[in-house]
Amino acid sequence: MKRFVPILLVLFLFTACEKEPNTDDLDDNFLVYTDYDKTEDFGSFTKFYIPDSILLISDSKEAQYWKDDNALRIIEACVDNMEERGYQRVDKKDQADLGIQMSYVEDTHYFTGYSDPYWWWDYPGYWYPGYWGNWGGWYYPYRVVYSYNVGSLLTELISLEVNETTTNTKKLSVIWDAYMTGLLSSSHRINTELAITAVNQAFIQSPYLKK
Amino acid sequence: MKRVKNIWTKAVLFVALCLAFPFGMKAQDVSDSFFHIDWQFNVPLNNKFAGVASGWGMNFEGGYYFTEHFGVGAFIAYHTNNEYISMRTIQMTDHSAVTMDQQHSVFQLPFGASLRYRFIPGNMFEPYVALKLGAEYARMSSYYNVYKSKDDDWGFTTSPEVGMTIYPTSNHNFGFHVALYYSYATNKSKVLTYKVDGLNNFGFRLGVTF
């Protein structure tokens, strides 16, 4: 067996000769990934509620929210798309049968080593089920496979149709989610435009999401 | 001006004589071994992943002629072919989709044994035919945004080749090497929604021989 060691070493050295493509040629737009619950009838929903801020996921132990004009423009892009699809925005959560929660990841390194795809549920200040009413937690009706990186925007659509219980045992269903990620520039304006473009693309590639 | 033209005429004649004169002439030595170091240009044939031709590869080969015409040897080569895939929406599953552009890349590393037959031993120009058999390590990768997905696999490879060694000196200690090849490898890989089942290539090699 030892006689094969030099051969393997040579092969290993040759693998280092791979010419990697120039990733500078890649587009600056965010990657947009969407997933949804196929069993859900999106036409059965009417009203949606969306908070006026985006949760910032960072190293901070306290929940932080992004509320400036850039955040509002991104939220507005989501609202515009929802309304174009026939849904009506409402000001009170208890009037809505759909909830939208948006989160933004600022620091990749904080999450290195997490293997559980649902790690963000434990993030301090993450959209707790109680925010939407008397719920016992979250669940995804489909397999979640994404991970996070610098400059990642997560948008989740939650079904609020299920009747609440007093025992906190029922779970809210995340029926659609969009994961948008990309390298950020030093310009907040450009980053905001990238995020808005990504939100629009998330709806474009989700034609089933309509009243 | 006329003098310049004369110099060019003489130079062209000299090169033509150098190329033509050795044909049919026997050199003094018949080499019983060979070693090539080549740059290679590889053209993927009907490969559905990273199918753009490129010159990102090399070939190393050495061997011994156990008769005047027949030789055996060993080879190792590597090559990378890349292809840019423009922005598009890909259906990942029946309920998920992703929009992105990509850089596709296939890296091939074949190695093994070769059998060759040379036609005019000892000539300045030694044409030959060869058949190579061996194993191939191949890795297909997709680069998108800040991510990379890859899959690698081992397969069997075979490659017929025609070529020629060109010895400018009579002792055959040093020369040039040109070759045309076709290769097929049985490697199978899957990256994202892209599948590869077999790698077909043809190309040419230019190098030196010792």
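## Strand pairing in chain B

In this predicted model, 9 bridges join strand S1 (residues 33-44) of chain B to strand S8 (residues 194-209) of chain B, and the two run antiparallel. Within this pairing, Ile37(B) has Val208(B) of S8(B) as its bridge partner.

S1(B) is also joined to strand S2 (residues 56-65) of chain B, by 7 bridges, again with antiparallel strands. Here Phe35(B) is bridged to Gly62(B) of S2(B).

## The two faces of S1(B)

In a regular strand, side chains alternate between the two faces of the sheet. The covered face of S1(B) holds Phe34(B), His36(B), Asp38(B), Gln40(B), Asn42(B) and Pro44(B). The uncovered face holds Ser33(B), Phe35(B), Ile37(B), Trp39(B), Phe41(B) and Val43(B). Among the residues of the uncovered face are Phe35(B) and Ile37(B), whose bridge partners are Gly62(B) and Val208(B).

## Helix packing in chain A

Two packed helices are described by the angle between their axes and the distance between the axes. For helix H2 (residues 69-84) and helix H3 (residues 188-204) of chain A, the axes come within 9 Å and cross at roughly 15°. Angles under 35 degrees count as roughly parallel, and H2(A) and H3(A) are therefore roughly parallel to each other. Their crossing is right-handed.

On the H2(A) side, the contact is made by Asn70(A), Arg73(A), Ile74(A), Ala77(A), Cys78(A) and Asn81(A). H3(A) contributes His188(A), Thr192(A), Ala195(A), Ile196(A), Val199(A), Asn200(A) and Phe203(A). By type, the residues of this contact divide into 7 nonpolar, 5 polar and 1 charged.

Technical notes: Residues numbered from 1 in each chain as written. Chains lettered and ligands numbered in written order. Predicted model: local features only at pLDDT ≥ 70, side-chain atom pairs only at ≥ 80, totals over all residues. Axes fitted to C-alpha atoms, helices over the stretch in contact; angles between N-to-C directions. Helix = DSSP H or I, 4+ residues; strand = E, 2+ residues; numbered from the N terminus. Parallel < 35°, antiparallel > 145°, perpendicular 65-115°, else oblique. Left-handed = near helix turned anticlockwise from the far one by under 90°. Contact = placed C-beta atoms within 7 Å. Nonpolar A, V, L, I, M, F, W, Y, C, P; charged D, E, K, R; others polar. Buried ≥ 20, exposed ≤ 12 C-beta atoms within 10 Å, placed from the backbone. Pairing = 2+ DSSP bridges.
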